[in-house]
Amino acid sequence: MSETTIYALGTPTPSRAHPGALSVIRLSGPRAADALVFLTEEGAFERGRSARHPALPAPRRMVLRSLRDPVTGEIIDRGLVVWFEAPHTETGETMVELHLHGGRAVVGAALDAIGRLGFCRLAEPGEFTRRAFQNGKLDLTEAEGIADLVAAETAGQRRQALRQMEGALHRLYDSWRMRGLRALAHLEAAIDFPDEDLPDGLADEVRAAIDTLRQEIGAHLLDRRGERLRDGVSIAIVGPPNAGKSSLLNLLARRDAAIVSETAGTTRDVIEVHLDLGGWPVVLADTAGLRDAPDTIEQEGVRRALARASTADLRLLVLDATGDWQRERDGILPTLEGWQPDRDLVLLNKTDLAPVEAAGVLPFSVRSGAGLPDLLGRLEEAVDGLMAEGADRPPLTRARHREALLECRDALQRSLGAPEIALAAEDLRLAMRALGRITGTVRIDELLDVIFRDFCIGK
Ligand SMILES: Nc1nc2c(ncn2[C@@H]2O[C@H](COP(=O)(O)OP(=O)(O)OP(=O)(O)O)[C@@H](O)[C@H]2O)c(=O)[nH]1
Ligand SMILES: [Mg+2]
């Protein structure tokens, strides 16, 4: 437990342009309740009376109080205050919340007043969460979930962050770790008691357990949902010049992000816009029209278009319904790396000029708006599909996790190929330490003792 009591404004700092109706100041630490008494009870600070003072309201009950400067006694604001008793709080320490009016002067004076108590200091960034972690209130993945929740911009990001905050990743990584530790206990037993008759087939069983774990972690490492949630699902619009690719981008972006003109070869660079598509973050890219370009700049544009199409999560081939679109389609499709017929979409624009009904294509018109609801629906469906892959498992969300998981998987691989049991055990231990780093649980030896004891008694 920490010795110091910390405090911070939990809501955005009010500015002249953006004052808030409310501001919330939080305190956490052993003297938070003292601070509450001293800030709300006239003369209490002078008399030096502390917690369990009659002025202290019942815990978890919001009450209306005047907030005073402890030294001058001047009333700063009137607002709702509440305190929470340790250890059943967010940080595990005694906590106080002051709900004040969100003006600059109010918040400034309140923060000053707390500072003047002399036993509180301003929290460093992330310090409330750090204390919660240190006091075992959450693990690292859950702390990261909170950060992601605050940063979430779309419904999909919010849902994922909430799941992580509530321990979905923690449970997954912890269950893998427990399985690894169990296998390790068997190996350790075989090392420590080589003469005892260990059950037949134990070695095979342990091997199989380690191998399954390695495979599951391998599959998890291939999961790109987390990346898509963070950076956006990448969608590339490609097609021949003048088909209306830029027009479609502008329509979906609801702004003129790309230049539209009747000149074929207008777009040269890849133009990106960020969208919220059915709750998922999306990066939509407009690209240069695909053709044997007459000049080197346009050739470079075509190269970039093909490159973007090959790395995108989803490709939209836009064709012009007024032209020979079948021939265009059949010419372009083989040049698109990574085209997935069951997922990527062929779109037929300008149906206001040439109505078309054909299987396997989505007719629409940027100009008349025909077919657009259908197109949007299909797009959202495709993105939903991308994000639903492996949805029974929480996705890999951070580079930090990926690094540790790669290390874990490699160590498991080494363990499986180790020439002797002691080396296999050592690699398995390294693998579990890497997993423990993700959640912040690294006291492996301690746990191992417990499991090992169970194992010996059970035998
Ligand atoms: N009639 C009609 N014209 C359209 C439609 N959509 C786009 N256009 C026109 O088609 C021309 C080309 O549109 P762009 O969006 O610039 O086409 P692009 O595919 O981006 O072309 P490049 O950048 O040259 O590859 C413009 O004059 C648009 O106004 C449509 O639905 N109907
Ligand atoms: Mg264009």
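Predicted model: local features only at pLDDT ≥ 70, side-chain atom pairs only at ≥ 80, totals over all residues.
Residues are numbered from 1 along each chain as its sequence is written, chains are lettered from A and ligands numbered from 1 in the order in which they are written. Local features need pLDDT of at least 70, side-chain atom pairs count only at pLDDT 80 or more, and totals for chains, interfaces and linings use all residues, while side-chain values use heavy atoms, without hydrogens and water.

Helices (H or I, at least four residues) and strands (E, at least two) are DSSP runs numbered from the N terminus.

Backbone atoms of the protein approach oxygen atoms of ligand 1. For Gly244, a backbone N or O atom lies 2.9 Å from a ligand oxygen. For Thr266, the distance is 2.8 Å. A polar backbone atom of Val366 is 2.9 Å from an oxygen atom of ligand 1. Taken alone, ligand 1 exposes 650 Å², and the protein buries 93% of that (Shrake-Rupley method, 1.4 Å probe).

A pocket is an open set of points on a 1 Å grid over the protein atoms alone, where a 1.4 Å probe fits, with protein on both sides within 12 Å along at least five of seven lines; lining residues have an atom within 4 Å of a point. The volume of the largest pocket is about 470 Å³, taken as the space filled by probe spheres set on the points. Its lining has 22 residues, with Asn242, Gly244, Ser247, Val260 and Lys350 nearest the centre. Helix 10 supplies the largest share, three residues. By class, the lining has six nonpolar, eleven polar and five charged residues.

The second largest pocket has a volume of about 360 Å³. It is lined by 17 residues, of which Gly10, Arg26, Gly126, Phe128 and Thr129 lie nearest its centre. Strand 1 (5–9), strand 2 (20–28), helix 4 (127–134) and helix 5 (140–151) each supply at least two lining residues. This lining divides into nine nonpolar, four polar and four charged residues.

Conventions. Polar contact = N/O pair within 3.5 Å; in protein donor to acceptor, adjacent residues only side chain to side chain. Nonpolar A, V, L, I, M, F, W, Y, C, P; charged D, E, K, R; others polar.
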